[in-house]
Structures are given as C-alpha cells and as structure tokens.
Amino acid sequence: MEETKTGSKKVRLPNFIEALIPIVVMMGLMLLGYVGKTGYTDAHMPLVVSICVACIIGGLCGHSFSDMLAGMLDRLNATMEAILILCTVGILVASFIMSGTIPAVIYYGLDLLTPRLFLPVGCIMCAIVGLACGSSWTATATIGIAFLGIGAGLGINPAITAGMIISGAYLGDKFSPLSDTTNLAAAVAGTGLFDHVTAMVSTTAPTFVIALILYTILGININTSGYDPQVAAGLQTALASKFNINPLLLIPIIVVIAACVMKLPGLVGIAISVLCGVLFAAVFQGMTNIGDIFNALHYGITVETGNEIADKLLNRGGMDHQMWTINLILLAVAYGGALERCGCVDALFGGLKNKLHSVGQLVLATLLTSLFCDATMCDQFLGIGVPAPLYSDKYDEMGLARNMLSRTLEDCGTLWAVMFPWTGCGAYQMGVLGVHPFAYFPFAFVNLLNPIYAAITAFLGRNVFWADGAYTNIFGKTTMHKPAAAPEEAHEVALKNLERLRAEGKAPKVGK
C-alpha cells in the first residue's frame, strides 16, 4: 500500500473497505430517508455525518484534521464563484418576475405553442439560451421557469416539462465555450477548448436529435382530451391582472444573452440583467419604492392572483430562497473534498486501469467513474476533475486524443450530476423548477441517453478521436483532421503507442 511521509506522520491510501465506508454511510442515510419513512428526506444531515466519517477515515490513514480541513477548503474555494452566482441567480429570478419578463414569456408562449409542438420547440429554445449564457442554471432560472408555466397551461405533466427543460439547458451549457464545466473538462484533460467542443459533437449532437424525436413522439401522443383551453386562458388573465404585459418586457432576456455573447464575467452579466429587470419593474409595473424592491430581491416575490397555477409559478426567487440550496452545495463540496483528500477515489479506482484493454472498456470506466463521483461526492466538478488524472495516461497508452478524454468526462460527469437530489446541480434544479430529480429523470432524454450512446459507440469502435488527428466516425470510416491539443510529452507517448497499435492491427488506418 502506498505510503508517504507528511512531517513525522506516515500517510497511506485507505484500503478498499475503508474507502467505501464514507460512501456507504452517505448512501445508506439517504436511502433510509427516502425508503425508511423517517420524516427527513434532505441530504444535509447525511452529508454532515459523512463528512465526519471521511475525516475519521482520513485520520486512520495518517491525515491530520487540519490536512482534511485544508482539502475541504480547497474544494470550497474553487466553487465560491459558483456560490456567489447562485446568490445572484435568486435575485435575477425575482427581478425578472417583478419586471413582468417571465410573466410575459408565459403569456405569449401560451398563444404560440400547442401541446404537440411544445416539447421539441421548448427543448431547442432552452438549448439556445443555455448555449448563449454558458449556464444551464441561468437558462432554467429564466426561460425554464417560463416554460414550466406554459406547460402547466397546456396541461402537460410538470415532470415531462422539467425533463425537457433540463435536456435543452444542459445541452446548451455543454456546447458553450462560456461554460465553466466545458472549460474545466478541457483544462483537466489537457486539450484545447474548441478541440473539446468539436469532440462533443460526435456524441451529444446525435443524442440531441434522438431526444427531439422522442419529445415529438411524446407531444403527438399526449392525451389532449383533458386539455382545457380555459386553463391557459385563465392563466393569461391572472398574469394580465397583476402585470402590464407587452412585448418590450422580453428585452431583459435579450440582455442576458447579449451579456454572455459579449463574454462578460458571469457575475457582471447577471448584475446588469438584474439592473435591467429592476428598471423595467419601475417603468412598466410601477414598482418604485426602494423598500419593496429590496424585499422582493432578498426574500422573493409574493403575488396573489387568485389563480393557483400562476401563484405557484410567480411566488419564488430572491436571494433568501437560495439558502437551502447553497447550504447543500457547501456541504456537498466539502464532502467531496474530504473524500478526495483522504484518497478514497484512488483506492477504489486506481487498480482498475490495469484491467482495461480496449477503447470501449476505457470509455465505459471513465463514464462510470464520473457517475460514481457525481452520485457519491455530490459535485459535478469532481465528476469531471477526479477521473481525468486517473485515466489520462491510459488514453495516451491507447493512442487516443486528449479531447476523447475531455468529451467522455462531460458525457456523464456534467449530464448526470443533475439526476440526483443530493448533488449541488440536482438540488439547485429541484429548487428552481419545483420538480424532484427522480420525477424528471426519465424525461431528461439528452442527459439520460448521452453516456449510453457514448459507451455503445466506443465499444463498436466508432466516434473515436486518435492522437494524430484521425477520427473514426459513426460509420466506421477513419479520416484525418488536425490533431487535438495535448501536453507535448503525453502527445509523443500517444503517437508512439498509436503507431504500434496500427502495426499490430489494433487501431484503424486512415481511409479504412
């Protein structure tokens, strides 16, 4: 077992059983809450207990408490910008409601969309906003909430609507060069940002097409016999009774997109958007009292329209509303940092590499490790950042390009983090959309299918990027392109291994 010295202490990796203990405790307490009918189903206290258990394991392995605390603080420091953005997103939602922007999107959307067109069109629009903003969180908190209202007015199951919103928002986020996870995946894999985005097209674009087909089929087969146009009309009447609805109220949405296209820092872009929302609230809704504005931005919107659907959609937002989610994210990130510092992941997956002998096996192992980190470390950044150093040399050994690694990290690490209610992403989306992740899980087709498609095509030897720039497409034909960026030494190793594998007939040659 690997040992190192820290000061006068010997530090070792935990053994397999020790590494499992904090994870089993976390999952066991979560399942007890969901299945055992204890009356407590949040993830906060299980995380607190699991952090303590991880620190005990770290102590048994020679880590001091200060060392374990440093590991947690390192992870927390890396996510503080996201925490600040989360605070401001709550303010953004409140400003877009009190300005009438979100009510206007719902109002006009009910005129333009039908139950049969709603899902595929909504998915595309959420993807466009996510791409422009570089943030699935901003997309769901703005246009996502609006589509949730439109779906309710059209009589569509909120779980289906939420799954569609998640699919579109996360696809846009994944392809956006402004996205933090997109930049993180490229950075930890040691490849270029646009090399990474190019590689993602090979798996995510087909998955998106499949998702749109499925949403179209769902829309066609939605039972519209229960659809009452009066529900949509009643929702529109309720919105119009409390807000001055006009097309100019859509401008703040354009401001959000413009701020992202101009590549303004996330916090700056959100601050400008909030200011725009506040100005529109004053101009169009007559909200000029500074106390009322501050109360709305801090504590959220309180609106009584007399329409149950409208009230449920509009009574949200505010910085204070985000604190439940922020608490969970802080605990989740600290837990992941504790597991990372005491070496649990290395102990569980370090020996797996020697058993991987094909591209399909390597891709599947990377996907499963990302999934494991998402589900047990509660953080998508760890779902991307932890597997990268574990498997990077194995990708070089198999002659693969580093953007093959970065693509695989995002295929699961980004997309499946939102599927669990105890992760930061899952908790955030549950808070914003008001739908439990286990409810929208079956309908988030892009997120659900992307890693499955990536694994299947890798086992078939398709959609593979090689170190010299060769690409084996979905039809099995290999063509030459510009090599993806990679660390110089690693690239040389990968090229030599690729040459050897081709000589042995274990890698395809260009044109075949």
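**Buried charges, aromatic pairs and a nonpolar core**

Let me begin with Asp-411, which counts as buried because its relative accessibility is 0%, where buried means under 20% relative accessible area, exposed means over 50%, and partly exposed covers what lies in between, with a 1.4 Å probe and protein chains only. Before I go on, please keep in mind that this is a predicted model, in which local features need pLDDT of at least 70 and side-chain atom pairs count only at pLDDT 80 or more, while totals for chains, interfaces and linings use all residues. Residues are numbered from 1 along each chain as its sequence is written, and side-chain values use heavy atoms, with hydrogens and water left out.

Which side chains meet Asp-411 in a salt bridge? Lys-174 does so at 3.0 Å, N to O, and Arg-407 does so at 3.6 Å, again N to O; the term here stands for a side-chain nitrogen of Lys or Arg within 4 Å of a carboxyl oxygen of Asp or Glu. The bridge to Lys-174 links distant parts of the chain, since Lys-174 sits in helix α8 (residues 158-175) and Asp-411 in helix α21, 237 residues apart.

The structure holds 10 salt bridges, and another of them joins the side chains of Glu-397 and Lys-394 at 3.1 Å, N to O. Both residues belong to helix α20 (residues 387-397), where they are 3 residues apart, about one turn of the helix. Here the two partners fall into separate classes: Glu-397 is partly exposed because its relative accessible area is 40%, whereas Lys-394 is buried at 7%. Asp-67, Asp-74 and Arg-341, moreover, are linked in a network of salt bridges.

Let me turn to the rings. There are 6 aromatic pairs in the structure, a pair being two rings of Phe, Tyr or Trp (for Trp, its six-membered ring) with centres within 6.5 Å, called stacked if the planes are under 30 degrees apart, edge-to-face if over 60, and tilted for the rest. One of them joins Tyr-215 and Phe-445, whose ring centres are 4.8 Å apart and whose planes stand at 40°, so this pair is tilted. It links distant parts of the chain, with Tyr-215 in helix α10 and Phe-445 in helix α24 (residues 445-459), 230 residues apart. Tyr-215 is buried at a relative accessible area of 0%, and Phe-445 also counts as buried, at 11%.

Trp-416 and Phe-441 form an edge-to-face pair, with 5.3 Å from centre to centre and 90° between the planes. Trp-416 lies in the loop between α21 (402-413) and α22 (424-433), and Phe-441 in the loop between α23 (437-440) and α24, so the pair ties together parts that are 25 residues apart in sequence. Trp-416 counts as buried at 14% relative accessibility, while Phe-441, at 23%, counts as partly exposed.

How many residues does the largest nonpolar core have? It has 158, and those with the most contacts inside it are Met-98, Phe-118 and Leu-400; such a core is a set of buried Ala, Val, Leu, Ile, Met, Phe, Trp, Tyr and Cys residues joined through side-chain atoms within 4.5 Å. Helix α4 (residues 80-98) gives the most to this core, namely 11 residues. If we leave aside neighbours within four places in sequence, the residues in contact with Leu-400 include Val-359, Leu-362, Tyr-395 and Trp-466, contact meaning heavy atoms within 4.5 Å.

Not counting residues up to four places away in sequence, His-44 touches Trp-324, Asn-327, Leu-328 and Leu-331. His-44 and Ile-329, finally, are 285 residues apart in sequence, yet their C-alpha to C-alpha separation in space is 9.1 Å.

Key. Helix = DSSP H or I, 4+ residues; strand = E, 2+ residues; numbered from the N terminus.
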